[in-house]
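Please have the sequence and the structure open as I speak.

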Amino acid sequence: MVDELPDIARKGRGAISNRSGRYERETRVAVDDGWDSSDIVTEKIQTFVFDDTARTIINKNTSPDVIFERSINPFRGCEHACIYCFARPTHAYLGLSPGLDFETKIFRKANAAELLAAELRAKSYHCQPLALGANTDPYQPIEREERITRAILEVCRDFNQPVMIITKSGLVLRDIDILAPMAARGLVNVALSLTTLDRDLARRMEPRASTPHRRLAAMRELTEAGVPVAVLASPMIPALNDHELEAILTAAAEAGATQANYILLRLPLEIAGLFEEWLREHAPNRADRVLSLIRQCRDGDLYRSQFGTRMKGSGPIAELLSKRFKLACKRLGLNGRDADLNCADFKPPPAPGDQLALF
C-alpha cells in the first residue's frame with residue numbers, strides 16, 4: 001500500500017508516494033472515504049533539514065564494481081529527487097520512507113570538515129583518493145546555505161588530499177576557486193551525471209537537479225579552469241533514455257569531458273515499486289515495455305545484485321549497450337588517458353599548538 005498525495009503537493013518532487021520503509025511494522029495507507037475533504041493537502045511539501053550526529057566521516061567501500069575504496073557523503077537524503085536514485089533505500093534505516101521522505105527530510109553532517117581533518121591526521125591513515133558524493137549529491141540545493149561540501153574541500157586542499165567529486169549540479173562552479181588550484185596539483189576531478197539531454201524528461205525524472213544545459217555549461221567552465229571532467233551517462237534506462245547514449249557522450253566531449261562511464265538502471269529494494277509508480281504516471285504508454293526490457297537485462301527480475309553484473313546487466317540488450325558505449329568513447333577520444341590522482345603530496349598541515357619542525 002502507498003501514501004499518495006495530490007499533484008499540487010508533489011510538485012517539484014520525484015516520488016509519487018511515501019511508501020513505508022521495509023523495517024516498519026505499520027504501513028501508511030491513504031484513504032478517501034468521501035465524507036470530508038477538509039484535510040486534503042493543498043500546499044507543496046516542504047524540505048526539512050535535520051542534524052546527523054556523525055562520529056566518523058570517511059566511509060569504507062568493499063564493492064569491486066567501483067573504482068574508489070573511500071567516500072564521503074555530507075548529506076543523507078537528496079532534494080534533487082531523482083526517482084531512480086539507488087540511495088533511496090538507505091532512508092529506511094532511519095525509520096523513514098525511501099519515497100517522498102528521502103527527498104524532503106535531509107540530514108546534514110554539519111561537523112563533516114572537522115571529522116575529516118581529524119581522520120586525515122590519524123597516524124593510521126593511508127592516503128588514497130576520496131569520492132565525494134558517491135551516495136547522495138554533495139551539491140544538492142541545501143548546500144548553498146550549508147556550505148558543508150565547501151568546508152570539506154578546504155580541508156582536502158590544506159592536506160593535499162586527492163578527491164573525486166560526483167554531482168549533477170551546476171553549483172559545483174561556486175567552488176572553482178578551490179578546485180582549479182587543486183587540479184593544477186593533480187588533486188581533483190569532477191564527474192557530472194548527465195542522464196538525458198531532454199529537458200522535459202529531466203524535469204520529470206530528476207526535478208530539482210540542474211538542467212542538462214546547465215550541467216554541460218559546468219563541464220565547459222571546469223575544463224576551461226583546468227579541472228579534469230568526466231561524464232556519467234547514468235542511469236541508462238531501456239526504451240526511455242538509452243537511445244540518447246551517443247548524443248550524451250558527444251555533447252559531453254564537446255564540453256570538455258575526457259572520461260566517461262555509464263550504469264544500467266538499478267532497482268534494488270523499494271526503488272522497484274517507486275520507479276514503476278513513476279513510470280505509470282509519467283510514461284504510461286511505454287511503462288510495460290520499459291519494465292520488460294529491464295527484466296531482460298536482469299535475468300528475468302527487475303534487479304540482480306551480484307557483483308560484476310549489477311552495474312551493467314547481462315543479456316543481448318545489455319551487451320549491445322556496452323558495445324555502443326565503447327564505440328562512442330573510441331570515436332570521441334574518451335577514456336584515452338590516465339585519470340589517476342596525486343597521492344604523493346599528501347601532508348597534514350601543522351595543527352594549532354603543534355611544535356614547529358627545526359629543519
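Predicted model: local features only at pLDDT ≥ 70, side-chain atom pairs only at ≥ 80, totals over all residues.

Let me begin with Arg 76, whose bridge partner in β5 is Phe 107. Residues are numbered from 1 along each chain as its sequence is written, and side-chain values use heavy atoms, with hydrogens and water left out.

Strands here are DSSP runs of E with at least two residues, and helices are runs of H or I with at least four residues, both numbered from the N terminus; two strands pair if DSSP finds at least two bridges between them. On that basis β4 and β5 pair in the antiparallel sense over 2 bridges, while β1, residues 48-51, runs parallel to β5, residues 105-108, and is joined to it by 4 bridges. Phe 107 in β5 also has Phe 50 standing opposite.

There is also an open sheet of 7 strands, in the order β2-β3-β6-β7-β8-β9-β10, with mixed pairing. Its edge strands, each pairing on one side only, are β2 (59-60) and β10 (259-264). The pairing of β9, residues 229-236, with β10 is parallel and covers 5 bridges, and Ala 230 stands opposite Gln 259 in β10.

Turning to the cysteines, how many disulfides does the structure hold? The count is 0, where a disulfide is a pair of cysteine sulfur atoms within 2.5 Å. Cys 82 is in no disulfide, the nearest cysteine sulfur being that of Cys 78, 6.2 Å away. Cys 82 counts as buried because its relative accessible area is 6%, given that buried means under 20%, exposed over 50% and partly exposed in between, with a 1.4 Å probe and protein chains only. Cys 297, at 1%, is buried as well.

Glu 143, in helix α4 (residues 143-146), is buried with a relative accessible area of 0%. Leaving aside neighbours within four places in sequence, Glu 143 has contacts (heavy atoms within 4.5 Å) that include Phe 75, Arg 150 and Arg 174.

Finally, Leu 94 lies in the loop between β4 (75-76) and α2 (100-104), and is partly exposed because its relative accessibility is 31%.
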